[in-house]
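Student: I would like to work through this structure by question and answer. May we begin once it is displayed?

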Amino acid sequence: MTAIPGTSTDVTPAVDDAGKIPAPAAKRARGELLFFSLRSKKFVISMAVLLFLAFLAIFGPMVDSTDPLAQAGLPMRHPTLDAGNWFGTTYFGDDVFSQFVNGLRASFFVGFLGGGLGALIGMFVGFVAGYRGGWVDEILNMITNVFLVIPTLAVLLVITSYLKARGVMFEAIFIGITSWPWAARAIRAQTFSLRSRDFIDLAKLSGRSGWKVIVFEIAPNMSSYLFLTYILLFGGAILIAASLDFIGLGPTGGMSLGLMMYNSVTWAALQLGIWWWFVPPGVGIIALVGALYVMNVGLDEIFNPKLREM
Amino acid sequence: MRRYFGRKLFTYLLTFFVAATIDWLIPRFMPGDPVAVLVTKTGVFSPTQAAEMVKYYTNLFGLNQPLPVQYLNFWTSLLHGNLGLSVYGNGTPVFDMIMAAAPYTLALLVPAILLSWWAGNSFGALAARRKWLDNTVLPMGYILTATPYMWLALVLSFTLSFSLRIFPLSGGYGFNLEPTFTWLFFTDLVAHWILPFLSLFLVMFGGWAIGMRNMIIYELESDYSRYLASLGAPQGLIRKYAFRNAMLPQITGLALQLGVIVAGALVTEIVFSYPGLGHLVFAAINNEDYFLLQGIFLFIIIGVLLANFIVDIVYVLVDPRTRVAMRGGTA
Amino acid sequence: MSLQVSDLRVYYRTLAGDVKALDGVTFSIADKEIMGLAGESGCGKSTLGNSLIRLDGRMKYVGGSVNLDGAEVPIWDDNDMVPFRFREVSVVPQYAMSAMNPTRKIGKMVSELTESRGLRFREIKEELDRRIDLVGLDRDVLKRYPIELSGGMKQRMVMVISTLLDPSLLIADEITSALDVSTQRAVAETLVSFRDHGFVKSMMVITHDISILYQIADSILIMYAGKLAEKAPTGTIIDKPRHPYTQMLVSSLPEVGVRYVNKKLAGIPGSPPSLLDPPTGCRFRARCPFAFSKCLEEPPFVEVDTDHSVACWKVSGPDA
Amino acid sequence: MQLGKTKVVALLAVAAIVASACGGSTATPTAAAPGATTVTTPPPVTATETPAPAVNGTLPPTDTTVYPRAETLYTSGKQWGAPSTWNPFDGNMAMGVVGLQYETLFLYDPIKDAYTPWLASGGSWDSAKTTYTINVRQGVKWSDGTDMTAADVAFSLNIYKNAALGSNFFTIVDKVVASGNNVVITFKGTPAYQEFASALYNDPIVPAAIWTAKNDANILKFTNQGGVGTGPYTYKTAAQDRMVWVKNPSWWATTALSLTVKPTYIVDIVNSSNNAALGELLSGGLDLDNNYLPGIAQIVNGGYGVTTYFATAPYMLGGNTAWLVPNTKKAPLSDPAFRRALAEAINPDNVVVKDYGNIVAKADPTGLLPVWSKYIDTAQVTSLGATFNATKAKADLAAAGYKTGAGGMVTNKDGSAIDLNLEVPDGWSDWMEAENLIAADAAAAGIKIEAKHPAYATVVDDRNGTATAAPTFDLVINNDVQIGNTPWVYYDYIFRQPEIAAGAARNRNYEQYDNPTAWALVQKLDQTPTDDLAAMKTICSQLQKIQLTDEPVIPLWYNGEWSQVNNSVWTNWPSSTTNQIQPATWNGYWQMGAIYMLTNLKPVTHS
C-alpha cells in the first residue's frame with residue numbers, strides 16, 4: 001500500500017451552490033445518492049466484487065468444511081472439479097480452496113476490525129487535535145509523529161515474542177493501533193477547516209460542549225469523508241497483515257491469505273510448480289483491496305457531485 | 001521562518017528521543033536470553049566450554065550491567081556511532097553490518113520512491129478527466145496499489161528470473177564477482193537491482209497515479225479553476241494550476257507513507273535475498289538478534305525522520321500559504 | 001440595447017430529471033444600465049448569470065438566444081464562447097474570496113491569464129496599476145498571495161481583474177453577501193464607478209439584497225421559480241411594485257435592515273414550487289393571496305408601463 | 001526536469017553500493033584496482049578447455065575478481081549469517097576454516113569407520129595404552145611457505161590449556177610434548193580413548209609462529225581473516241552474503257598423496273530463503289546445497305540434473321537423530337511407563353512420509369545413527385523396542401494406572417487432566433509440520449499434546465531453564481548429536497551427569513534424566529579403547545537397554561544430512577554407489593572425508 005487514493009489532507013467536502021434543488025431537498029438528496037450509486041460504474045463493479053468475496057468468506061467455510069490445515073487429499077494435487085479439491089492441494093495435501101476461503105474470512109476480519117480500530121483512534125485524535133488546537137494539538141501531533149516513525153515491526157516483535165500463540169484477532173488489533181496516524185492527520189485538517197464555519201460557531205455560541213459539537217456538528221458534516229477514510233484503512237490493514245504474515249509474524253495456527261502466501265513460498269510452491277497454491281492468495285488480496293480502493297473513489301464521486309463525470 | 005523550523009526541529013528531536021528509547025527497550029524487553037541462543041547455535045561444545053562461551057558473550061554484549069547503566073551506555077555509544085555488537089554476526093559491530101547493507105536498501109528506495117512519485121503523479125494528472133485513459137490505464141493503477149509487494153516481487157522473480165532467465169535470481173551482485181569499479185561489475189549490479197526496484201516502483205506508481213488523479217479532479221472543480229474558465233483561460237493553464245496544487249497533498253502523502261514504503265522494501269528484499277536492510281531484519285528476526293534489530297530500526301527511524309523533515313522543508317518551499325502563515329500574514 | 005436575452009431556457013440535469021431553473025426568460029439591458037437581479041435562492045438568478053458566460057457541466061442549454069451589442073452570443077458552445085469571455089462578457093463570481101489561485105502571486109496569475117488570452121501583460125500592466133489605485137488597493141498586491149489579502153481586498157482585486165479588458169457586460173454574482181455592511185457599500189460604489197469610468201458598458205448585479213440594489217441599480221428584475229416576475233426602474237420596484245410577489249418582497253424589507261431575502265420570509269408563507277415539474281400557470285399561485293382561476297394559465301411578461309413589465313393576471317389581465 | 005533529478009539520484013545510489021560493496025567487502029586492495037578488469041563474463045562455460053590450473057601447479061591469479069564458472073564450486077548450507085570469524089577455535093567460524101584452510105591430524109570416515117593419517121603420518125598407543133605418539137607428517141608447508149613442525153602440533157594441542165577456549169581436553173590429557181618429529185601425549189589415569197579419538201580428527205593444527213601471540217584471554221576475539229593454514233584452500237574474500245576460498249597451489253597432499261582439489265574457487269553462499277536457494281540450485285547457480293529443501297524427492301526425479309546421495313528414498317544420509325525430548329522432572333513425563341506409551345503412540349512414518357516426503361528415514365528405537373548400526377543390539381531392540389501401536393499405548397497407560405477422562409483423553413492417575421505442550425521454534429517449517437503430526441498421533445492414543453511454536457529464544461529458555469529457575473518445557477524436539485567416530489558422543493549427550501550448569505550453559509541432557517548407572521556406563525565406554533569393539537558393544541547394549549525401557553528421549557527420525565547437488569558444471573559427486581563420501585560442507589564434515597568430495601569432482605566438459 002502506498003499513496004492512498006483520493007485522500008487529501010486539505011480538500012474540504014465541496015459545497016454545491018449552483019442549481020440547488022429546492023423543496024424537500026433532504027429526502028430527494030438521499031434518493032439521489034442511491035440513484036447515483038447505482039449509476040456509478042466504479043461503485044457497482046467494486047460492490048459486486050466485494051459482495052462476491054464476502055459471500056465466499058462467509059459461506060465458503062460452511063460449504064467446504066474441510067480443515068484448511070489437515071490433509072484433504074494427495075499432496076500437490078492439481079485443481080480438479082471432482083473430489084472436492086477445486087483449487088488443488090498444497091505441498092502437504094491440504095485443500096487450497098478451504099485455505100483460500102478461510103484466509104479470505106480472516107482478511108475481511110482483519111480489515112474490518114483493524115481498519116475500524118484505526119479509524120476510531122484516527123477520528124478521536126484528529127477531531128480533538130483539530131477542534132481544540134493549541135497545545136493539545138501540538139501534543140497529539142507529537143504522538144502521531146512518533147507512531148509514524150516507529151517501525152511498528154519492532155513493537156510487534158516484542159509483543160509477539162511474549163505470546164506463545166497469536167491469532168488473527170491480535171493481528172487485527174495490532175494493525176488497528178498502529179495504522180491510524182495518516183487518518184488522524186487528514187481528519188485533523190478537515191476538522192480544522194470546518195471549525196471556522198458559521199454553523200459550528202452557532203453551535204458553540206449555543207453553549208454546546210466541545211464533545212457535542214464534535215459529535216453532532218462536525219462529524220456529521222464530514223461523515224462521507226470519514227467513511228472513505230475507513231474504507232482505505234480497511235484495505236490498508238489487509239495489506240499490512242499480508243506483509244506481517246509474510247515475514248512470519250502472522251497468526252500462529254489459523255489461516256489467512258498472507259499466511260497462505262508465506263507457506264507457499266517457504267515450501268517453494270512456484271519452483272515445485274504448485275502455482276495453484278501461490279496464485280489464489282495474491283489474487284484474492286488484490287481483488288479485495290483493489291475493489292475497496294475503487295469503491296472509495298466511486299463513493300467519493302457519489303458524495304461529491306462536482307466530481308461526477310457527466 | 002526560523003521560529004517555525006526551530007519548533008519543527010524540536011518536535012523532531014523529541015520524537016527521535018522517544019522512538020529511540022522505545023527502540024532501546026526491544027532487546028531488554030525480549031524474553032529469552034540472547035546469549036543462550038548464541039551458545040546453542042554454536043553447536044555442541046563440551047559442557048565446560050559452553051560455560052566459558054556464556055561468560056565470554058555476556059560481557060561481550062555488556063548484558064552484565066544494570067539497566068540504567070545500559071541505557072546511558074546506549075546513548076553515549078550512540079553518539080559515537082556505536083550500536084553495539086550483533087549476535088547474529090557473532091560479535092560484529094552492528095554499525096558495520098548496517099553500513100554494509102544500507103546502500104542496497106537506499107539504492108532501491110530512493111529511486112523507487114522518487115521515480116514512482118514523479119511518474120505516478122504525472123500520469124494521474126494526465127488521466128484525470130480524460131475518459132479513455134481514465135477507463136483503460138487507471139484500473140491498472142488500482143490493481144497495482146492493491147498488490148502486496150512481495151507477491152508482485154515473487155511473480156517477477158519467478159517469471160523473469162527463474163523461467164525466462166532474463167535477470168539474476170538473488171543476491172546484490174553476481175556470486176562470481178568481486179566488487180570493482182568496472183563496467184562489468186556495474187552492469188551486474190544493475191541487473192540484480194532492477195527487479196527489486198521494479199516491484200517497488202510498480203506498486204507505488206499505481207498508488208500515486210490514483211491519488212493524483214483524484215486530487216486533481218478536486219482542483220479542476222475548485223473555484224479558481226471555474227473563475228479562470230469563465231474568463232476564457234485555456235485548459236492548459238487551468239490544468240497547470242490544478243496540477244501544482246494537487247501536488248501539495250501528494251507531498252504530505254509521501255511523508256505519511258514512508259513507513260509503509262520502507263516495510264514494503266523490507267519484504268521485497270527478502271524475496272530477492274537482496275543484501276539490504278530488509279534482508280538483515282529478516283535474518284535478525286530469525287536469529288533473535290535484537291541488538292541488530294535495534295540498530296536497524298534506529299537507522300530506519302532516523303531515515304524516516306530525516307525524510308519527513310525534508311518533506312516539511314519542500315512543502316514550505318512549494319506552498320506559499322505555509323510561508324505566509326510563518327510570516328504571520330492574515331490567514 | 002447592449003444585452004438582449006429572449007426566451008432563454010437553461011435546465012439543470014439531475015438524476016431526478018431536468019430542473020427548469022431558467023424557463024423562458026426575456027429581457028434586455030441598455031447601455032450604461034446597471035440591472036439588479038433579485039429573488040429567493042433557487043429562483044434561477046444565479047443560473048441566468050452563469051449561463052450568460054459559462055454553462056457548467058450540469059447546465060443544459062435548451063433554447064432562446066442571447067445577443068450582445070448586436071452579436072449573437074453562442075452560450076451553448078463552450079469553445080465558441082471563449083472569445084466573448086473576459087473581453088465581452090465577464091463575471092465577478094460569488095466565490096470571489098476563493099477565485100484566485102492560492103498558490104500563485106496575484107500579479108503572476110493575472111499575467112499568465114492575460115498572456116493566455118493573447119495579450120501582452122506589459123502593455124496592460126500600467127492600466128492594471130491605475131485601476132488598482134482606483135479601487136484603493138496597494139499596487140504591490142500583485143506581489144502578494146491571495147491569502148495575504150482581506151476579504152474586501154480580494155473582492156476588489158477580482159473586480160479589477162474581471163473588468164480589465166473593459167467587457168461590454170459584467171455579471172456581478174452575490175458579490176456582497178460575504179461582506180460586512182461598510183465594505184458592501186464600498187464594493188457597491190466601486191461597481192458604479194466602474195460603469196462611470198466606462199470599464200464596463202452595462203452590468204447585471206445578482207443579489208438577494210435589495211437594499212444594495214436600491215443604492216446602485218438603475219433597474220431591478222425580480223425572478224420567481226425560474227421565470228421573470230417583474231422588471232422596472234429601481235424607484236418603481238421599491239415604491240409601487242405591481243407583482244404580488246414583489247410587493248411582499250419589498251414590504252418585508254424595512255427601509256434598511258433585514259438583508260437576506262432567502263432567509264425564511266415572514267411575509268410569504270409556503271415555499272417555491274419544485275422546478276423539476278413546475279405547476280402550469282402562474283408559479284406563485286400557491287403562495288399568492290390574490291390567486292384566482294385565471295392564474296391556472298401562464299401569465300405573460302408584459303409591459304404595463306414604460307420600462308415596467310410584470311407577469312401577473314391581476315396586473316395585466318382583462319379585469320385589471 | 002524532475003526526471004533528470006531522480007535519475008541522478010538513482011545513479012548516485014547505485015554508485016553508492018559499488019563504493020560500499022568495494023569498501024565493505026574484504027577483497028584484497030589490489031582486487032579493487034581497475035587494472036585487473038580485462039576479464040570476460042563467466043558463463044558460457046568455455047574455461048574447461050584449459051584444465052583447472054593448479055593440477056600442474058600453476059598459481060591461480062590471486063587478483064582475479066571474476067571467477068570462471070567452470071573453475072568455481074558454488075556451495076550453500078553451512079553459513080547462517082555473514083562470515084565473521086576465521087578463528088578455527090571459534091564455533092562460529094566461517095565455512096571451511098577447519099578442513100579447507102586448517103587441517104587436522106587425521107581424517108575419520110564414519111562410513112568405513114576408519115582413520116586416515118593426514119597432518120600426522122601416523123599415530124600409535126604404547127603397549128600399555130597409556131601414552132599416544134603422533135608421527136608428524138614431514139614436508140607439510142604452511143601457506144606462507146614455512147614448514148609445519150612437531151612444535152606446531154604440540155602448540156596446537158597445548159592451546160587448549162587456554163581457559164578462554166573452555167576445552168576439557170586437559171581434563172583427560174596430562175601432557176603434550178614434542179620430541180623430534182613426534183608429539184607424545186600422556187594422560188591422567190585411564191585415557192578417555194573415545195573422547196581422545198574424536199580430538200584427533202577435530203582439533204585444528206595452527207602455526208605456533210602466528211598463534212603464540214594470540215594465545216591469551218582474548219583468543220576468541222581474534223578473527224584471523226586471511227590466516228595461514230596447511231589446507232588446500234586459502235582465504236580469497238568474504239562479503240555479507242558469501243565466503244570465497246581460492247585453491248592453495250602448494251598444498252602438501254598434491255605431492256604426498258597425489259590428491260588435487262578440482263575447483264579453483266569455492267564460493268559459499270550464505271543461506272537465503274527456500275525459494276531463492278531452490279531456484280539457484282535448479283538453475284545451476286548452486287552446485288551443492290546443504291540445506292533442507294522441500295520437494296527434493298520429486299526434483300531428483302524431475303530431470304533437473306539434481307541428484308542426492310541415494311538415488312531413491314531416503315535420498316539423504318542420516319545426519320543426526322531427531323528425538324522427542326520429555327521433561328523427566330514433570331509428571332506424567334517423569335513416569336517411564338508414560339514415556340514408553342508416548343513412544344508407542346507416535347508414528348514416525350507420518351513425519352517421514354507426510355512432512356518430509358521420504359527424504360528422511362524412521363529412526364531405530366535406540367536412536368543410534370546408521371553409522372553406528374554395528375553397535376545396535378538388534379535382538380534386544382526387537383524384544384524391548386517400542387514400536388508404533390496406538391492401541392497398545394492405550395492399554396499400557398491403563399495398565400500403568402492412568403485413567404481415561406472426558407472425550408477418551410487419558411488423565412493422570414489422580415484423574416487430573418493431562419495437557420502437554422510440545423514446543424518448536426516458530427518458523428522451523430518442517431519441524432512445525434512434524435509437531436502437528438505428532439500431536440495428532442498422540443491424540444489418537446488419548447494423550448493430549450498441544451503444538452506450540454514460540455520464538456526460538458523462548459524455546460531455548462523453556463528448555464534450558466535459568467540459573468535460578470528449572471526448565472519449564474514439557475516436550476521439545478532436538479537433534480544436536482551429529483555423526484561421529486563413537487556412540488559415546490551420543491550417550492554422553494543423553495545421560496550426562498551430574499547435571500551441568502543450568503541456564504544458557506546447559507547443552508546436554510535437556511530431559512534432566514537422572515540415572516547414575518547409565519552415567520557410569522557412559523564413562524566406562526569413554527575409557528574403552530577404540531579397537532576393543534566387543535567391549536564397546538557390550539556397554540552400548542546395556543545403555544540401549546536403559547534407553548529402550550526408560551525412554552529418556554524418544555527417537556523419531558534421522559534428520560537427513562541434507563545434500564543436493566546439480567550436475568551441470570561438476571559431476572562425480574558423493575553417492576551410495578560410486579564414491580561413498582560425506583557430501584556436506586558443515587563444520588566437522590570436511591575432516592570426516594568430505595574433503596575427498598573436492599578431489600573426486602570432475603568438471604563437465606562441454607564439447
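Student: How many bridges join strand 1 of chain C to strand 4 of chain C?

Tutor: This is a predicted model, in which local features need pLDDT of at least 70 and side-chain atom pairs count only at pLDDT 80 or more, while totals for chains, interfaces and linings use all residues. Residues are numbered from 1 along each chain as its sequence is written, and chains are lettered from A and ligands numbered from 1 in the order in which they are written. Helices (H or I, at least four residues) and strands (E, at least two) are DSSP runs, numbered from the N terminus. Strand 1 (residues 3-14) and strand 4 (residues 59-68) of chain C run antiparallel, and the bridges that join them number 8.

Student: What is the radius of gyration of chain C?

Tutor: Chain C comprises 10 helices and 12 strands. The radius is taken over C-alpha atoms, and the globule rule is 2.2 Å times the number of residues to the power 0.38. For 320 residues that rule gives 20 Å, and chain C is close to it, so chain C is as compact as a globular protein of that length, with a radius of gyration of 20 Å.

Student: Which residue is the bridge partner of D:V177?

Tutor: Strand 7 of chain D is joined by 6 bridges to strand 8 (residues 182-187) of chain D, and the two run antiparallel. In strand 8 of chain D, the partner of D:V177 is D:V184.

Student: At what angle do the axes of helix 3 and helix 11 of chain A cross?

Tutor: Axes are lines fitted to C-alpha atoms, for helices over the stretch in contact, and angles run from 0 to 180 degrees between N-to-C directions. Angles under 35 degrees count as roughly parallel, over 145 as roughly antiparallel, 65 to 115 as roughly perpendicular and the rest as oblique. Helix 3 and helix 11 of chain A are therefore oblique to each other. Their axes come within 7 Å and cross at roughly 130 degrees.

Conventions
Pairing = 2+ DSSP bridges.
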